[in-house]
Amino acid sequence: MTETPLVRLERHDSIGVIIVDNPPVNALSPGVPEGIIACLAEGNADPAIRAMVLIGAGRAFIAGADIRQFGRGRVRPPIGSRSHDLLDRSEKPVVAAIRGFALGGGLENAMGCNYRIAVRGAKVGLPEVLIGILPGGGGTQRLPRLVGPKVALEMIVSGRHVPAEEALALGIIDAVVDDDADLMAEAIAFARRVANTRPLPRISADDRKLAEAKAEPGMFDAMRKSIARRARNQKAPYNCILAVEAACTLPFAEGLKRESELFQELENAPEAQALRYAFFAEREVARVPYIAKDTSIRPVATAAVVGAGTMGGGIAMSFADSGIPVRILEASPDAMARGMQRIRDNYATSVKRGSLAAAEMEARLARIQPVDTYAAIADSDVVIEAIFEEMAPKKQVFAQLDAVMKPGALLLSNTSALDIDEIASATGRPQDVAGAHFFSPANVMKLLEVVRGAKTAPDTIASVMKLGRAIGKVSVACGNCDGFVANRSRAPFNTEMSILLEEGALPEQVDAVMVEFGYPMGPFAVGDLAGLDIGHAGRKRRAAADPNYRKQPIADRLFEMGRYGQKTGAGWYRYEKGDRTPHPDPVVAEVIRGIAAELGNAPRAFTDDEILRRLLFASVNEACKILEEGIAHRASDIDIMWLHGFGFPRYRGGLMFWADGIGPRAVYDQIAAWHQRYGARWAPARLLRELADSGTPFRDARSGGAA
Ligand code: T1G
């Protein structure tokens, strides 16, 4: 059977339609740019063709360059001979017809055309910065000419997708047609109308909008200043700015050369390698080994949450934000009132910030219905228990749910660590029970840890994975153990933080190391935000359940002193009234000095590298244990959890990807040395030893052992 060509030219009377057909998203894989060039040449050479359309088959226009080709030593075609270069020199008019998305090289090819039309639901953008590179196909030179350098800067440095209506208003596209219109017919009609237009509009030949940069030369430095915090340690965002600046200072052809130089600096840099890894790892999480592709998914049209506390309210908001009506069950009227007020306040804050329209806030609130009986939630498709972290009350809730919920309802617990099997044992339908662990604040954090119990049915997990994506989360499936994957892999990091202080390190030094590494906030500052009282209550519960649980004397001392963090004006740090800026506090240093002395630890200096490796290697070692026990399916799943659950800097790929930069052998040797010095908590995982001996990268480690 003949293969469908990646690109073909169809003749519709005097209009040539160039169709890109490279499922699933018409990426510019090898052969696609060549196909566009060949069809364009054929159309220009055919006297019967007066104008052309460039369109994508399936659900997309073109999703951009094929990201899988990067970093493989690919040969980039010379400037002037790329598809967008040739489109820009076509004798006959070319109309880009956009559905779905035109992203990266997709939009760059569209901007090489003379005109662009799109369906209303389409989106366009230059998201290259999100994978550590920059628009390398003329995008940094054409977009500033199309919309002005200021808007171009914002679009290219943010990488955001722009809806068609906004793109029309900005001048990126020339017309919008209804989603249910026949896009090809509309584009052919548009091409007919412009077939005789001469001279043809060519973005590269129109510098008028660049004058904006002369009127506001400070826009580039202002952009550099505005991204300084979130672009820490990264190069791509700054090269994006330089490329747009070049568009405003160099002739077009020179600008293309400068763009190419700036692109070359990025493609194989560690930042781009890490961001490409994260892009594909985020898609790999959806592949759960025990779930067959054709597994039926239980539809979720209505939801319910049990518990109107911080987590329950945030979970309810996640459903309401995604258009799913949700009932929130809380027995205590006071608790319900507080819970509903907290939800309203959360939305009001977004409205005040301008990120949510007031009408949308009301629409979302209308989707959240407070109820006070189990009967009122019985017909919900899914229910998520989000009461406090104690097993007995959770089992009571699940016994009640078992008694009232309709058959096939998904019965989920938001527990962050407790045994899913024991919770399921409170019901007669363990196959419908799973963990759905949200991260606080639940309406903001994207990670959803989907925990399978011994009797959880595969289709239950498949349904919860899809439900997570439907409410804007990144769903990651894992097995059942104390702390599951995210918190269990993070626990040794927290232990090591405490021990470093017991050895005399100060919170501000540890936090400075982690912020310099790329975290938005240091772990001790985060502790002050979350509340030392919350941490203390958690440690008390764990100590009651586990006699070997290691106490944290310094944190406990601060709690006893009433230092709960920001909420009391002092915790690990001191805070000025009404200001959330953490200030090192000599009182804390004194507590640390005293306890370190009590423990017999002589004062010593700590290098930043020791602090960083003590914290992260502890978690890498635990991640290896989690993998060898089969609790996580693959190392990259753990990385996605760290990116979306703990704010690990995305441009470092994730915990395990970062460790590969040091290498399993070096990590093993260091952990083995700390095992000699500190004892059992640093015993190297079996899998770590195997990876070190075999030279297998951490990122290739799979459930049950090495790749
Ligand atoms: N290259 C290769 N594969 C891609 C791809 C791409 N650009 N985009 C998507 N895929 C795969 C993806 O891995 C998945 O594979 C499947 O397609 C469906 O994707 C010169 C240098 C387009 C908005 O950064 O943002 O152009 O898992 O699950 O949710 O200046 O994919 O099925 O095996 O994400 O509907 C710039 C990246 C490239 C766009 C669709 N373009 N893609 O989202 O589906 S660099 C991008 C996306 C560039 C030029 C530069 C999204 C999407 P699998 P999906 P989706």
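In what order do the six strands of the open sheet stand? The order is 1-2-3-4-6-9, with mixed pairing. Strands pair if DSSP finds at least two bridges between them; strands (E, at least two residues) and helices (H or I, at least four residues) are DSSP runs, numbered from the N terminus.

The model is predicted, so that local features need pLDDT of at least 70 and side-chain atom pairs count only at pLDDT 80 or more, while totals for chains, interfaces and linings use all residues. Residues are numbered from 1 along each chain as its sequence is written, and side-chain values use heavy atoms, with hydrogens and water left out.

Next, select residues 51-56 and 94-98, which are strand 3 and strand 4; the two run parallel and are joined by four bridges. V53 stands opposite V95 in strand 4.

**Polar contacts.** These are pairs of N or O atoms within 3.5 Å. Select E108: an N or O atom in its side chain is 2.6 Å from an oxygen atom of the ligand. At R287, an N or O atom in the side chain is 2.9 Å from a ligand oxygen atom. Finally, select I67, where a backbone N or O atom lies 2.9 Å from a nitrogen atom of the ligand.

Definitions and conventions:
A polar contact is a pair of N or O atoms within 3.5 Å; within protein, one must be able to donate a hydrogen and the other to accept it, and residues adjacent in sequence count only if both atoms are side-chain atoms.
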